[in-house]
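Welcome! Here is a short briefing to read alongside the sequence and the 3D view.

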Amino acid sequence: MADGVSDSDLSGGEESREEVTMTPAELIARLEQAWLNEKFSPELMENKSELVECVMEQLTHMEENLQRVRKGDVKASVHRMEIDRIRFVLSSYLRSRLQKIERFFPHVLEKEKSRADGDPSFLSPEEFAFAKEFLANTEVYLRNVALKHMPPNLQSIDMLKAVPEPCLDSFVFLRVKERQENILVEPETDEQREYVVDLDKGSQHLMRYRTIAPLVASGAVQLI
Amino acid sequence: MSLLTLRRNFFNVHVITTTKIYRENCLRWYIGDLASYDFIPKKYRHLSATNKFTMFCEKAVELIRELHRMGDGQLPAFNEDGIRQVLEEMKALYEQNQTDVNEAKTEGKSELIPSIKFRHSCLLRNQRCIAAYLYDRLLRIRALRWEYGSVLPTTIRFHMCAEEMEWFNQYKKSLATYMRSIGGEEGLDITQDMKPPKSLYIEVRCLKDHGEFEIDDGTVILLKKNSQHFLPRWKCEQLIRQGVLEHVIS
């Protein structure tokens, strides 16, 4: 970690724009948590654009510091590696999000349209623009290649029905960060009955995503 | 001499046959082989099992099968002919339905309704198959942007129709705009860094002449075919994916 090295001019003494100031170590830990959650969750998670901005600032800061260091210094290569790692995690996080947006584009847009004003948004403004362009692009393409040559009553396709929804019943591995009580597990088959579990702190489980979706959003569990 | 018997054939017409043939044909009728009947009137001959039945929507399903056969995300040539045939079938079905709907309305022939419904579901199936074919191709084309970068190899471009090329260009533009906007300043190229970094510098061999290549500290390397270099990994990623450099693992 950048903080592991004692040189203060190589690590970013970053003040985030949020009200809570974070050390770089905390920032990167949060990025990694968001990355893992996004990777293993079947649906698009909440948007974390402040986190992305802070990490980008941190990266530019570290690159600038690296330029100032004397060439050939051993510490420089360690920091270079660090920058590469953080950049990989950030890229992978953003790629996961983009892939999910592309896969579920009508549902993602519908969700964004129908959310209440106070609710947190799932898409950053740029992601929203990207999703809209993707929808428009695909619709124009389908219309020009096939739909406009079809009989009049068949010239449109309902994207919400045509594109499959994310499968919220897929199983995910999770680690519990805060103890949870009385989680209701719904039955999967007709023979089972619903039951209630308590999740202890630090324990790991394999459960259906639908059961613990709100806990992932609140940070009480971490997907692994 | 076998006994003569009278029976009704499939079309409920009395015919004279021998008992032996009658028994055989009963068995065949049970199995479902129409063609073995002793006599099929000319006007029903097209229903004989020796003729190939063509169902509706077969061409549409063939399009899907063609894509299914090419695994691994390969993009086959755009089957313009196939799409055209399916669209023609749809036009024919729709026109037949129009006539029948008019007839049913004006002359009250409600017995036409089942065939109208049948043709309508064929139309829906054709529409769905075409949409699936086109959309699956789009997904493969999208993957090409992430694999090959902004410029596609000419062999792949030949397999795309003009509208697919247009979709690809729009997609590239959207992606570039999005990447530029990340983090609020210069943005981030997320098509790089596809693998976690293992080491800082890697040994690469040059597969083709690529000319001069500048690395961060200002030194210029000449990438000549078969030359080997020890270069920073992040600089080489794109060139490795394009096939210009090859990672040498000794």
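Helices (H or I, at least four residues) and strands (E, at least two) are DSSP runs, numbered from the N terminus. This is a predicted model, in which local features need pLDDT of at least 70 and side-chain atom pairs count only at pLDDT 80 or more, while totals for chains, interfaces and linings use all residues. Residues are numbered from 1 along each chain as its sequence is written, chains are lettered from A and ligands numbered from 1 in the order in which they are written, and side-chain values use heavy atoms, with hydrogens and water left out.

**Chain A at a glance**

- You will find 7 helices and 5 strands in chain A.
- Starting at the N terminus, the order of elements in chain A is α-α-α-α-α-α-β-β-β-β-α-β.
- Of the 224 residues in chain A, 46% are buried (under 20% relative accessible area, with a 1.4 Å probe and protein chains only).

**Helix α2 of chain A**

- Helix α2(A) covers residues 49–68, which is 20 residues.
- From first C-alpha to last, α2(A) reaches 29 Å, close to the expected 28 Å (1.5 Å times one less than its number of residues).
- Buried residues of α2(A) include L51(A), V52(A), V55(A), L59(A), M62(A) and L66(A).
- An α-helix has 3.6 residues a turn, so residues three or four places apart point the same way.

**A sheet in chain A**

- Three strands of chain A form an open sheet in the order β4-β1-β5, and the pairing is antiparallel (two strands pair if DSSP finds at least two bridges between them).
- β4 (204–208) and β5 (221–223) of chain A each have a single partner strand and stand at the edges, so one side of each has no neighbour in the sheet.
- On average, neighbouring strands of this sheet are turned by 40° against each other, direction ignored (axes are lines fitted to C-alpha atoms).
- Strand β1(A), residues 171–176, is joined to β4(A) by 5 bridges, and one bridge pairs L174(A) with H205(A).

**The largest cavity**

- A cavity is a set of points on a 1 Å grid over the protein atoms alone where a 1.4 Å probe fits but cannot get out.
- There are 2 cavities of 30 Å³ or more, and the largest has a volume of about 50 Å³ (the space filled by probe spheres set on the points).
- Its lining residues (with an atom within 4 Å of a point) include R145(B), W146(B), T191(B) and Q238(B).
- α4(B) gives the most to this lining, with 4 residues.
- The lining of the largest cavity divides into 2 nonpolar, 4 polar and 3 charged residues.

Technical notes:
On a 1 Å grid over the protein atoms alone, a cavity is a set of points where a 1.4 Å probe fits but cannot get out, and a pocket is an open set with protein on both sides within 12 Å along at least five of seven lines; lining residues have an atom within 4 Å of a point. Ala, Val, Leu, Ile, Met, Phe, Trp, Tyr, Cys and Pro count as nonpolar, Asp, Glu, Lys and Arg as charged, and the others, Gly among them, as polar. Buried means under 20% relative accessible area, exposed over 50%, partly exposed in between (1.4 Å probe, protein chains only). Axes are lines fitted to C-alpha atoms, for helices over the stretch in contact, and angles run from 0 to 180 degrees between N-to-C directions.
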